[in-house]
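Morning, everyone. Please bring the structure up on your own screens.

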Amino acid sequence: MTPDVLAAAVAAVPREHYTDHPVHGRPPQSTAQSAIERDILRAAAGRDLAGARILEIGTGTGYTGALLAELTGPAGTVVSIDIDGQLVERARALHDERGCPVQVVCGDGHDGAPDLGPFDLIVGWCSPTSIPAAWVKQVVPGGIVSTPVYIAPVARAVGHLCATVTRQGTLADLQLGAAVYVDMASVVNDTLGAPLFYVDAHNGQSHISVAWRDRDDDPAAALALLGHPGHVEEYLLGGDGPAVAAAWRDARAYLAARDHALGASSLTTWGSGEPDWDAGVGFSSGRNAAVLTDSGQLRANDSGSPALAKLRDYLQAWEEAGRPGLEQLTVALEPGDSGWQVRAALPGQ
Ligand SMILES: C[S@@+](CC[C@H](N)C(=O)[O-])C[C@H]1O[C@@H](n2cnc3c(N)ncnc32)[C@H](O)[C@@H]1O
């Protein structure tokens with residue numbers, strides 16, 4: 001599919017009908033237009049979607065389902081699942097008003113839609129901690145799974161994965177990209193924006209997530225230190241607001257990949273709503289903690305902190321590698337009970 005074909009579909013589907021309807025209102029669960037277009041192009045992986053059978057995970061407003069239906073045309077099918085029954089009812093009503101043939105079902109997208117497949121493509125709009133085995137089973141060989149997914153076992157460490165299902169029922173041609181999506185819940189999530197997975201300690205509006213959680217340590221102590229850091233300095237991520245955040249996500253992915261390569265399992269992510277929304281990635285251990293924040297600050301318990309030294313060492317490796325982003329990283333797939341864990345990995349790993 002070319003960007004022109006997508007642009008024609010975007011022009012044909014009235015976004016506001018779904019995102020800001022005079023009767024059915026405006027739900028918060030809508031994905032940014034630029035992210036939608038980027039990820040539909042990724043998911044199509046250069047193929048024409050006309051006639052395709054698509055399963056969408058995360059109906060939200062219904063807009064992306066309508067766009068996919070426009071792209072598949074009358075010869076294709078779109079099934080869309082959301083865990084939130086109210087959103088499902090709303091999307092059904094909005095599709096009916098336009099005569100749009102998306103089949104919207106209520107359920108946990110982790111299970112896919114076993115009775116409504118098989119599918120040529122699964123498109124996800126919320127982040128699971130691993131790729132569910134059910135999805136891979138429900139996609140035909142040569143079909144695509146395209147979804148945000150966790151790339152490290154710490155809160156918010158998400159990337160976008162596009163992969164081809166093989167005849168053997170595994171995933172190949174794995175390609176990572178940048179992504180910012182809500183977590184995939186097991187029940188309806190009323191706290192949109194709050195991390196659902198891997199939170200090891202929280203305190204008011206702040207939380208910390210530590211990959212070393214199975215070892216004997218104290219994440220609450222590190223959380224308290226990051227709230228009142230003894231050392232703060234600027235770190236030049238470069239560019240304006242969105243570019244700073246994008247560079248920070250690249251740094252986060254690289255830190256995760258390097259940590260994976262070293263077998264260290266020592267990554268930490270941190271988030272705080274006090275006083276402003278801030279996210280951080282780095283390392284911590286008991287009375288040592290250091291993170292690089294998405295506003296370009298290094299925060300640490302003190303300037304001599306071993307956690308800060310380690311963070312500087314990882315960031316120097318990122319700089320020396322030319323600041324690679326998710327697109328330049330590779331993927332290590334780790335099989336688990338219910339699917340595949342996706343781990344950002346360094347090229348050649
Ligand atoms: C960012 S919104 C999707 C927005 C949608 N793409 C649109 O255009 O409006 C993510 C959606 O995923 C849904 N979701 C979260 N966990 C889910 C799960 N386990 N199964 C199905 N849907 C889920 C949420 O209810 C939410 O509607």
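Start at Ala290. Leave aside residues up to four places away in sequence, and Ala290 touches Gly282, Phe283, Leu298, Arg299, Ala300, Ser305, Ala307, Leu308 and Leu311. Keep in mind that this is a predicted model.

In general, nonpolar side chains in soluble globular proteins tend to be buried together.

Now helix 8 itself. It runs over residues 241-261, which is 21 residues. After helix 8 comes Gly263, with a positive phi near 65 degrees.

Next, the domains. Domain 1 covers 3-177 and domain 2 covers 201-324. Over C-alpha atoms, their centres are 32 Å apart. How many residues make the contact? On the domain 1 side there are 8, and they meet 11 residues of domain 2. The domain 1 side of that contact splits by class into 6 nonpolar, 1 polar and 1 charged.

On to the ligand. It has 24 residues around it, and the ones that come nearest are Gly58, Gly60, Thr61, Thr64 and Gly109. Two elements give two or more residues to this shell: helix 4, at 63-72, and strand 2, at 77-82. What is the make-up of the shell by class? The count is 11 nonpolar, 10 polar and 3 charged.

Last stop, Gln86. You'll find Gln86 in helix 5, residues 85-98. Buried or exposed? Around Gln86 there are 11 other C-beta atoms within 10 Å. The cut-off for exposed is 12 or fewer, so Gln86 counts as exposed. Now look across to Cys106. Gln86 and Cys106 sit 20 residues apart in sequence, and their C-alpha atoms are 9.1 Å apart in space.

That's my tour. Over to you.

Definitions and conventions: Residues numbered from 1 in each chain as written. Predicted model: local features only at pLDDT ≥ 70, side-chain atom pairs only at ≥ 80, totals over all residues. Helix = DSSP H or I, 4+ residues; strand = E, 2+ residues; numbered from the N terminus. Expected span 1.5 Å × (residues − 1). Buried ≥ 20, exposed ≤ 12 C-beta atoms within 10 Å, placed from the backbone. Contact = placed C-beta atoms within 7 Å. Near = placed C-beta within 6 Å. Nonpolar A, V, L, I, M, F, W, Y, C, P; charged D, E, K, R; others polar. Domains from an automatic or database assignment.
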